[in-house]
Amino acid sequence: MSGIVAIVNLDDEPVDRELLGRMTAYLAFRGPDAQETWAANHVGFGHSMLCTTFDAERERQPCSLDGQVWITADARVDGRSELVRDLLEKKCDVGGLATDVELILHAYHAWDTDCVQHLIGDFAFVIWDSRQRRLFCARDHFGVKPLYFAEAGGRLIVSNTLKCIRLHPAVSDELNDLA
């Protein structure tokens with residue numbers, strides 16, 4: 001189970017890359033094989049990779065197919081041949097060796113946010129679409145993969161690990177009795 005984190009500064013302030021790096025490093029217990037970050041202006045993603053398949057060894061995250069739409073994901077895509085067939089019908093140039101995360105990106109390009117209707121498997125992912133200035137977060141239909149978020153101090157923080165979100169200084173440690 002890989003670790004993912006995303007930060008979006010709603011005031012367009014640049015992401016603190018050092019903080020993003022610390023949050024990603026914290027996720028090493030979920031993914032000890034590699035930790036990577038990506039940031040562009042007010043959006044940043046971190047990924048901590050756990051390689052469990054041969055396909056995962058080729059995977060690099062955060063990932064983009066075009067430099068405009070980025071993803072960080074903890075995902076296992078099932079029904080690959082059917083998904084590839086459907087993507088080819090949509091004229092998507094899906095390579096024969098596409099990784100799970102690349103298939104999710106192709107599905108997003110083909111069906112936008114309806115991509116989740118075409119995905120089978122266990123997944124939690126965050127997509128930043130810079131063309132639309134939109135953050136899209138999704139998890140599998142049965143909720144097998146966790147996904148948490150907090151909006152605090154003009155920041156949106158998303159992760160599949162609650163303690164990672166709490167590392168952000170804008171997120172309070174105080175219990176909200178009302179909630």
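I looked up the lining of the second largest pocket: Tyr148, Phe149, Ala150, Glu151, Ala152, Leu162, Ile165, Arg166, Val171 and Ser172. A pocket here is an open set of points on a 1 Å grid over the protein atoms alone, where a 1.4 Å probe fits, with protein on both sides within 12 Å along at least five of seven lines; lining residues have an atom within 4 Å of a point. Strand E8 (148–152) and helix H5 (162–166) are the elements that each give two or more residues to this lining. Helices (H or I, at least four residues) and strands (E, at least two) are DSSP runs, numbered from the N terminus. E8 gives the most, with five residues.

I noted that the model is predicted: local features need pLDDT of at least 70 and side-chain atom pairs pLDDT 80 or more, while totals for chains, interfaces and linings use all residues. Residues are numbered from 1 along each chain as its sequence is written, and side-chain values use heavy atoms, without hydrogens and water.

Next I looked up an open sheet of four strands, with the order E4-E5-E6-E7 and antiparallel pairing. Two strands pair if DSSP finds at least two bridges between them. Strand E4 (63–64) and strand E7 (134–139) are at the edges with a single partner strand each, so one side of each has no neighbour in the sheet.

I then checked E5 (residues 69–78) and E6 (residues 120–129), which run antiparallel and are joined by 10 bridges. Val69 stands opposite Asp129 in E6. Helix H4 (residues 100–111) packs on the sheet and touches E4, E5, E6 and E7.

Key:
Contact = heavy atoms within 4.5 Å. Axes fitted to C-alpha atoms, helices over the stretch in contact; angles between N-to-C directions.
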